[in-house]
Structure formats: structure tokens, C-alpha cells
Amino acid sequence: MGHLNLPASKRNPRQWKLLDIVSAAFFGLVLLFFLMVFTPLGDSMAASGRQTLLLSTSDPKQRHRLVALIEQGQHNQVIEACPADSVDHMPCEDPRRNSQLSREMNYYRERHCPLPDEMPLCLIPPPQDYKIPVQWPESLHKIWHSNIPHNKIADRKGHQGWMKVQGTYFIFPGGGTMFSEGAASYIEKLGQYIPISGGTLRTALDMGCGVASFGGSLLSEGILTLSFAPRDSHKAQIQFALERGVPAFVLMLGTLRLPFPAFSFDFIHCSRCLIPFTAYNATYFIEVDRLLRPGGYLVISGPPVQWPKQDKEWADLQAVARTLCYELIAVDRNTAIWKKPVGDSCLPNQNEFGLELCGESDDPSYAWNFKLRRCVTRTSSGKGGYAVGTIPKWPERLTKAPSRTLVMKNGIDLFEADSKRWARRVAYYKNTLNLKLGTPAIRNIMDMNAFFGGFAAALISDPVWVMNVVPARKSSTLGVIYDRGLIGVYHDWCEPFSTYPRTYDLIHVAGMESLIRSPGSSISRCNLVDLMVEMDRMLRPEGTVVIRDSPEVIEKVEHIAHAVRWTTSLYEKEPESHGREKILVAAKTFWKLPSSSH
């Protein structure tokens, strides 16, 4: 670099030329840096780069600009795929993050979601050898091994009849740890003490469900069981259940209320679920009591019921049940069956667990991110007419307006109008939108904004089940859905849902933009791009999405749909409906990572 110190008169023309090139290149890089950081051109250029789509934590502002470009249709490339090791990724149940958290009351196994700006903006790929799932009802008994290539449960539990590898399939003989001879004979035995048949029981909760053979077997009795288990050492148990076409959900009974309203389930079952019901002053038993209908049945099979070296735990369990006036119907070997009382007046003022009734002001149905209460839910806190034996039998209860519709003004009239509206809409969906409803191609359905469950009710004759989601910030109508004999959960759609990738055949949402706004507000709490990336995660390849909203929202949704690799069709609303709605029907394309990505 010594030539740079020469006087100007001594520099030769060649030196000037070299200096000019170096200087021009330097100032050109400075100008490019300025354009990239401080102008819209930089947004557009950044948006087209692959790595920008994958790196979400390095620059939140850059992520926000990219999201805006996608919503406006100014981003002409698809969102890139996540890495190959993310095929089973659940953002709120990430073992790498959660393993660092407290073990107290299983806090680390509950939902712990990343902040929106920490979410990767990429699409979850399927396993390399993924196939379109086996259709219902054959899927209840066998699924493709390559779709969930995890042998751990089959290796450890195959001798108990959970599942086995057979050629290119996993097969499900129907057994479980406490019913290795099969769920069907176990259910037949329960039927000696519980009205399994006849429509008295309709909604059931299976806690720690394994691969959900119990819930799958109850379907033939007309009982709709929501099975849950955490993401734990039994790798992918809920993923297997959903691949089979059985209603299931990733969930842990830890420090929070489970995301269901009070008095939701006619029947609650635990088969070796290992929940310490009497720990923490019987907090977990109290939570089960909150969810069980008056007159409903509780079955606990396995420890501690007459279990070796667990005499104290078994005595404590019986004591807390007596304290809440549960009737012990039977103890059959290691299975205990109780019936919940209809009233709540029998709780004594003094008891060994220090239990008290919750205050009159407690809302037992408020259950989104709500800490467990150490008080007993008052049966009188409901609106009446929801006890087993009082509520109409199935299927009559599906169409009769329950008393909990009164959570809204003119609730009964709203219920009747909603039922008629969705019967009309579903007929239009089948006749005009060319959806595969009613065929074996669609089994697992989600309604992201369910209200009274009218969409699910209109599909009751189809071979499907519907996860009815009631947004946590909207009116608490989920109790009505359970009173109808349907199932669902509370959820906030600014967070990922607790399910594995590729678990739903069809996702339906009416009023999509309302999911990301607070009621009565025009300000968004999150964005449609992240919401639709999450929908894509939950949707099976070649699955269907149906979205109803205003033309302005549908236009935005269509831009995003192309970015998440969906093919779309637009339709007018059914002729009898009012308002400005349009309907977008999208299909998820079946794509895979290049082989070199593995």
C-alpha cells in the first residue's frame, strides 16, 4: 500500500485506475448496505433470500417486514421448508426448551410456547418416506410405519397389545397395559357397572391414553372420547392416536386447569395414567371433579388401586373420594369405579385434606392458562340440567338447546339459528365446493372458531370427528358444545396448537381475522402469516382448508396461501346467507425435502 503515500504528481495512470476500482467497490458496498437496511428495496431483497425465512430470532424487524410483504402479495416465492429434523416439531412442547424448566408438579411437561418473534418462519416437512394415511376405518387397526417411524412403543409395549410392527405397517391389536387382552373385553367388563350402552354416556376423557385404543373401542358404543397424554418417554403416543383417526390431544395435568369447561365429561378414565390424584392436598382429584358431570363416572385402573406397596396411596384415594361424597360402585381387582354425586352439600366443614368449596364468584369454566385451584367446584355454579341422567340421552342431546346457551343473551334463539345456518352451509359445502366430506378421505377435522359447534353437529352423519376450538378470548360457549355431546378445547390462536404435525384432514374457520384480534378491537395481537403457517403444520399433505371471511381478509389469505404452497379456489357464499363473506377452499400440496437434505 506504499503507493498511496506518493504525491499526486508521481502516481502513474495505472495506479489511479486501480485506486478508482477499489474506491468504487467500497462505496458501492456502503450504498448497498444503506439500501438493504433503510429502504423498501432492502425488504424486498431480504424477503427473497432463503436464510431470511429460516432465521426468525436474529432480527425481529426484518421478520415483521417479511410477514407484511407476504400478506400484501409482494413476496413471489414460497416460504422455505424447515430442516429435516423438524418433522415432528411442536413449538410449545419442545423437549430442548422444556427440559430446562422446573419438575415441580410436572411444570416442564406443560405448554411453554416461544414468543412470536422466536418462531421459525418455515414449513414443517413430512418424513422422507411419508405416504397419504390409511383411510378410516381401516386406520383404526393399522397405519403406515413410514409416517411415524418410531418403534419405541412397539418394542416396549408390543407384548401388552399396544402396537406391533407388521411389514410396512404398525398394527394395533387394541390392548393396553391394564387390558392386554384387548380394550373391547375391558369395556364389556366396565359395562357391568356403568351404562356404557344406550346413550346415557356420550363424552369421555381418557387421561394418559397411550395410543388411544380405549377411546377407539368406545366409538362403537356411541361414546366420543377425547384422549390425552403428554409428550414424554412414550414417544409419539398421541401422534399414533391421531394417525389412527381417534380424537386425541397433547396435554399434561400439571400446574394449570385443563383447557375444558366445568362438567364437560360424562365419564373420565385413567388406565395406569400414574397421576398422583391425592398429592398437593388432592389438587389433581379436585381438577378431575371439576371436569366430571354430576352423576358421572370415574374409573381408575392400575396404581394405586389394590396395588402392591401402595396401600397408603390407595387408602388416601378412597378417603378423598369419600370426602367429596363419591359413591364407590365397585373394586374389580385393580380397577375402581366411582359415581359422582349430583349435589355438593355433603362436603364437611372439616376433612383431612382441608378441602373447601370454591367461592360463589369462582368461574369453574374459565380454564385457559389458569392456575389449578385447591377448592372444590360447586355443582350449583352451573345453570342446571347438565347432570348425567338429567341431560338428554345421545343423540337427542345434539339438537336440544342446553341450559348453558344462556351464557349469551337470547342464547336459545341463537342456538336454533346457528344449527339451521350450519345445516344449510354444510349442504352447500358438499354440493357446490366439491369437498370430500362424507367420504373416507376425511376423518380428522378441526373447527378453529366453533361457537356452539354447529358445523360439527351438521356433520354428525359423516364418518368424522371434529375438534371444536373455542378461542379463549371469545364467549365461553365450549360448555354448550359438550352438552351437545361433542368435544373441543379452549385455545388462543396467537399460540401454536398442542398437536403433532400432519394430524388433520380438514381445517375449517369462519371469521379468521377475529382469531388474532381482541374482541371489540381492530388491532391484531399477532398475524395471519404465522397463523396459516401453524395451520399448515397441523394439516396433512393433500388436506383441505375452508376459510370464510370478508373479501378483504380472503384476499390477504389468498396471498399467504400461495406462500405456504396451497392451491386455492374462491367461491361465493351460499345464496341464503347474508353479509359480505367469501369462501376460500385450499388444498395443501404434497411436497418433500430433496433427498440431499437428509
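Ala, Val, Leu, Ile, Met, Phe, Trp, Tyr, Cys and Pro count as nonpolar, Asp, Glu, Lys and Arg as charged, and the others, Gly among them, as polar. These classes are used in two of the legends below for this predicted model.

**View 1. The largest cavity has a volume of about 240 Å³.** A search of the whole structure finds 7 cavities of 30 Å³ or more. The lining of the largest cavity is made by 20 residues. Closest to the centre are Arg111, Leu251, Leu256, Arg257 and Pro259. By class, the lining divides into 12 nonpolar, 3 polar and 5 charged residues.

**View 2. The largest pocket has a volume of about 800 Å³.** Its lining counts 38 residues. His89, Pro91, Met119, Pro120 and Ile124 lie nearest the centre. Helices α5 (95-98) and α16 (528-538) are the elements that give two or more residues to the lining of this pocket. The top contributor is α16, with 5 residues. The pocket lining holds 21 nonpolar, 4 polar and 13 charged residues.

**View 3. Three strands form an open antiparallel sheet.** The strand order is β1-β3-β2. Strands β1 (142-144) and β2 (164-166) stand at the edges. Each has a single partner strand, so one side of each is left without a neighbour in the sheet. From one strand to the next, the twist averages 35°. Strands of a sheet pair through backbone hydrogen bonds, either parallel or antiparallel.

**View 4. Strands β2 and β3 run antiparallel.** The pair is joined by 3 bridges. Strand β3 covers residues 169-171. Opposite tyrosine 169 of β3 stands glutamine 166. Residue 166 falls within β2 (164-166), one of the edge strands.

**View 5. Helix α9 (residues 237-244) is largely enclosed by the rest of the structure, because 8 of its 8 residues are buried.** Buried here means under 20% relative accessible area. Glycine 245 follows the helix. The phi of glycine 245 is positive, near 90°.

**View 6. Glutamate 574 sits in the loop between β16 (566-572) and β17 (582-588).** Glutamate 574 has 1% relative accessibility, so this residue counts as buried. The cut-off for that label is under 20%. The side chain of glutamate 574 makes a polar contact with the side chain of serine 577. The contact distance is 2.6 Å.

**View 7. Threonine 379 lies in the loop between β10 (335-339) and α12 (396-399).** Threonine 379 counts as buried, because its relative accessibility is 10%. Phenylalanine 263 is 116 residues away from threonine 379 in sequence. In space, the two residues are 8.5 Å apart, C-alpha to C-alpha.

Definitions and conventions. Residues numbered from 1 in each chain as written. Predicted model: local features only at pLDDT ≥ 70, side-chain atom pairs only at ≥ 80, totals over all residues. Heavy atoms only, no water. Pairing = 2+ DSSP bridges. Helix = DSSP H or I, 4+ residues; strand = E, 2+ residues; numbered from the N terminus. Axes fitted to C-alpha atoms, helices over the stretch in contact; angles between N-to-C directions. 1 Å grid on protein atoms, 1.4 Å probe; cavity = no way out; pocket = protein on both sides within 12 Å on 5 of 7 lines; lining within 4 Å. Points joined across faces, edges and corners; volume = space filled by probe spheres on them. Buried < 20%, exposed > 50% of the residue type's maximum accessible area, 1.4 Å probe, protein only. Polar contact = N/O pair within 3.5 Å; in protein donor to acceptor, adjacent residues only side chain to side chain.
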